[in-house]
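User: I would like a close look at one part of this chain, and then an account of how the rest is built around it. Please keep it plain.

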Amino acid sequence: EFSYFINPRNELTFGGDLVNYNFAPAEAMAVSGGEGTDIGLEDKQGLESSVFIANKQEVNDKLSLEYGLRFSSFLYHGPTTTYEFGEAPAGERKPVIGQTEVEGNEVIEDFFNLEPRLSFRYQLNQSTSIKGSYNRMVQYIHLLSNTTASIPLDVWTPSTNNLDPQIGDQFALGYFKNFKDNKIEASVEAYYRDTRNQLDYIDGADLLLNRFFEGDVLSGDGRAYGLEFQVKKNTGKINGWASYTLGRTELKVDGINQGEWYPTRFDQTHNLKVVGFYEMNERMTFSTNFTLTSGTPTTFPSSRYSVQGFTIPHSDNRARNDVRIPVYHRLDFSLTLYSKKENRRGDRNFWVFSLYNAYARENPFSIYFNTSDQMPSLGNLVSTEATQFSVLGSVLPSISYNFKF
C-alpha cells in the first residue's frame, strides 16, 4: 500500500494484495480393529487478488470526500475434486450427477468484481457534522453454521463452481454533535446493507464429513438495517461511553422458512454497551463494563412423534430461527494499579485485578433437548426436557501483571 500527497487537499492511496488459501474442511480417521482409515475430505485451493486506488479530498473547509475503486478476483483451482449437482425441489437435497478430478493448479472457476466506495463529511458548524457512505463489498469465503447443535459447527468454504461469492451494498448516514467544548460527543447513524448469494443449509443438512455438502446448501438474499446511538465523554476523572444499536439481520432463501424473511444466527435486535472509567488518583483507575444483547435466534421443534420407543423431533411449520434463547447480559469490573516509579523507558508497570461476570449470570450459549432414559408406558411418549448450556455461569476473578522492558 502506498500514499501519494498530490497537494495539501488530496491524498492518494493505491496498492494491491494477493492471498493464497488452503482449506482443510475435515481431517478425520476411522479406526476399526486397530486399522485406521482416512475419512477426511480433500483440501480446496483458492487465490484471491486485488488492486485498489482511493483519494481523500478536502473540497473546502466544510466538505471532505473519500472515494475509490477496488478490483478483486478469485480463482478456485486444483488439485481437488469438483462435483456437479442436478435439480431438486426448493429446500431438498440436490443429487450428485457427476464429478471431475482436477490436477495441478488448473483453474476451475474464476470471479471478477468491481468494488466502488464513497464517503463524505459535511461540517455544519464547529460542533456539528453529517457523514454518509456507500460501499460495495465482495466476500469470496463463505461460513456455514449449524445452530441446532449444542456446540455450533462452522464450515468455511471458498466460492466454487457451485457457490457464487457474496456481494453486499451498504449505505450509512449519520449525525454527529459535540457538546461542552468537545468534552462530550454524541451521534446517531442509520445503515442499510443489501446482500446477494448468502448461503444457508436445507432442513436436515449434513455438514460434517460430507464431500457433497454443496448439494445441501441454498443461496438467497440478505439484508441488515438499523440505528446506532452513541454518547462519549472524553475528559475528566469520570469518563466513558454508552452505545445502543437497534437492528435486524435477515435472510430470504427459496426453500427455507417457506420463502419468507427470517433472522440470521447473528441477528441482535438490541445491543447495549456501557463502559466507564474513574481515575481515583495517579496510580489507580477503576473501570466497569456492562453488556446486554438480544438472545441468539435458533430453531426448536414444534412437535414430535415416536417410532419403536424413540422420540423424533419435528417442525410442522418448517420455520427457521423463529425462537430466541434468553437475553445475554454481563457486568465486569477491573482495578488497575500502577507502580510508583517509571522504568528506564519512561513506562510504569501495572497490576490489573478484575471480575468477569460479576453477578454470576448464567448466560445461555445454546438450548438443546434431552429425552428420558426410562421406557415409556403403553400409549405414552417419552418425556423430554430442555437443557440450557452456559459456557461460563459464574464469577471469574483474574490478576495480571504488565511490564515493559
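In which sense do strand β1 and strand β2 pair, and over how many bridges?

Analyst: This is a predicted model, and what follows is computed from it. Strand β1 (residues 2–7) and strand β2 (residues 10–23) pair in the antiparallel sense, over 5 bridges. The link from β1 to β2 is a hairpin of 2 residues.

The chain has 28 strands and 0 helices. Its C-alpha atoms fill a box of roughly 75 × 55 × 45 Å along the principal axes. Among contacts with a separation of 6 or more, 63% join residues 24 or more positions apart. Of the 405 residues, 31% count as buried. The chain exposes about 24,400 Å², and carbon and sulfur atoms supply 54% of that area. As for charge, there are 38 positive and 49 negative side chains, with the centres of the two sets 15 Å apart.

Strand β19 (residues 284–293) pairs with strand β24 (residues 328–338) in the antiparallel sense over 10 bridges. β24 also pairs with strand β25 (residues 350–356), again antiparallel, over 6 bridges. Phe286 has Leu335 in β24 as its bridge partner, and Leu335 in turn has Phe353 in β25 as a bridge partner. In general, the side chains of a regular strand alternate between the two faces of the sheet.

Next, the nonpolar cores. The largest has 15 residues, and Leu144, Leu207, Val217 and Val253 touch the most other members. The elements that give two or more residues to this core are β14 and β15 (217–233). Apart from this core lies another, of 8 residues, including Phe23, Val138, Ile141 and Ile167. Val253, one of the residues named for the largest core, has contacts with Leu218, Ser219, Gly220, Gly259 and Tyr262, leaving aside neighbours within four places in sequence.

Strand β14 (residues 184–201) also holds Tyr191. Tyr191 counts as buried because its relative accessible area is 19%, and the cut-off for buried is under 20%. Leaving aside neighbours within four places in sequence, the contacts of Tyr191 are Phe171, Ala172, Ala224, Tyr225, Gly226, Leu227, Glu228, Thr245 and Gly247. One of these, Tyr225, is 34 residues from Tyr191 in sequence, yet their C-alpha atoms are 5.4 Å apart.

The loop between β14 and β15 contains Arg211. Arg211 has a relative accessible area of 47%, so this residue is partly exposed. Not counting residues up to four places away in sequence, Arg211 touches Leu41, Tyr83 and Gln99. Arg211 and Tyr83 are 128 residues apart in sequence and 9.0 Å apart in space, C-alpha to C-alpha.

Some loops have backbone angles worth a look. Most residues other than glycine have a negative phi, and most peptide bonds are trans. Asn182 has a positive phi, near 70 degrees, and lies in the loop between β13 (166–179) and β14. Asn257 has a positive phi too, near 55 degrees, and is placed in the loop between β16 (238–252) and β17 (262–263). What about their accessibility? Asn182 is partly exposed because its relative accessible area is 45%. Asn257 is at 15% relative accessibility and therefore counts as buried. The peptide bond between Gly78 and Pro79 is cis, with omega about 5 degrees. Pro79 sits in the loop between β6 (63–77) and β7 (80–85).

To return to the part you asked about: β1 and β2 pair in the antiparallel sense over 5 bridges, and a hairpin of 2 residues joins them.

Technical notes: Residues are numbered from 1 along each chain as its sequence is written. This is a predicted model: local features need pLDDT of at least 70, side-chain atom pairs count only at pLDDT 80 or more; totals for chains, interfaces and linings use all residues. Side-chain values use heavy atoms; hydrogens and water are left out. Helices (H or I, at least four residues) and strands (E, at least two) are DSSP runs, numbered from the N terminus. Buried means under 20% relative accessible area, exposed over 50%, partly exposed in between (1.4 Å probe, protein chains only). Contact means heavy atoms within 4.5 Å. Accessible areas come from the Shrake-Rupley method with a 1.4 Å probe; for residues, only the protein chains shown count as cover. Lys and Arg count as positive and Asp and Glu as negative; His and the chain ends are not counted. The place of a charge is taken as NZ of Lys, CZ of Arg, CG of Asp or CD of Glu. Two strands pair if DSSP finds at least two bridges between them. A nonpolar core is a set of buried Ala, Val, Leu, Ile, Met, Phe, Trp, Tyr and Cys residues joined through side-chain atoms within 4.5 Å.
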